[in-house]
Amino acid sequence: MKTLIVYTYPNHKSLNYAFLQEVIKGCRENPAIEELQILDLYEEDFDPRLMFHEHKRRRYMYQDPKMEKYRQQLSWADQLVFVYPIWWGRPPAMLLGYIDQLFAANFAYRDTKGLFPEGLLKGKSVVCVSTMKGPTNYPFLWLNNAHKILMKRALFKFVGMKKVKFFEFGNMESKKGKQKQKLNKVYQYFRKVAY
């Protein structure tokens, strides 16, 4: 299994970075994971702005030479892992900008004459590891599960990815947030996960 980790947080002395390190550690100890790539969107200085106009059409985004490296990474990976905080009930703008530009028509999906498009990223699995300041049940109780619906239904299933797992960790700024147990939970999962 080839695993691509997409990390989206600007601080390398943070809890999110600690989660990234546990994902990496678990993956490196997992015999089912043959190869591992890490994409740190902030380190990469990724430009999240979606730009198209009369000379750069949205329908040709799948050919944008600036995104070729990232398209190759997505095509290469069997498993995608996203590590990010939940801000205002959704992933950071940096990650959403990556998604806007990479999950483009004729690369991630193809329009058909039917009701739904054909997903072109079939067979890949996805794991989202996200943290938030609020309680773990906040997105479910107050936001109608908007984060999971956005990521799982509106994005991953749309492009053909059906195997999606979430680790949504709340109370992460609290002294009672059980951060060590949650870090270990993520490490143990990636140490054992098989494609």
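This report covers the nonpolar cores and the cysteines of a predicted model.

## Basis

Residues are numbered from 1 along each chain as its sequence is written, and side-chain values use heavy atoms, with hydrogens and water left out. Because the model is predicted, local features need pLDDT of at least 70 and side-chain atom pairs count only at pLDDT 80 or more, while totals for chains, interfaces and linings use all residues.

## Nonpolar cores

A nonpolar core is a set of buried Ala, Val, Leu, Ile, Met, Phe, Trp, Tyr and Cys residues joined through side-chain atoms within 4.5 Å. Buried means under 20% relative accessible area, exposed over 50%, and partly exposed in between (1.4 Å probe, protein chains only).

The largest core has 34 residues, of which Leu4, Phe82, Tyr98, Phe103 and Phe156 touch the most other members. At least two residues each come from β1 (2-7), α2 (68-76), β3 (79-85), α3 (93-102), β6 (125-131), α5 (146-157) and β7 (163-169); helices (H or I, at least four residues) and strands (E, at least two) are DSSP runs, numbered from the N terminus. The largest share, five residues, is that of α3.

A second, separate core of 21 residues includes Leu20, Cys27, Phe169 and Met172.

## Cysteines

The structure holds zero disulfides, a disulfide being a pair of cysteine sulfur atoms within 2.5 Å. For cysteine 27, the nearest cysteine sulfur is that of cysteine 128, 14 Å away. Cysteine 27 counts as buried at 2% relative accessibility, and cysteine 128 is buried with a relative accessible area of 0%.
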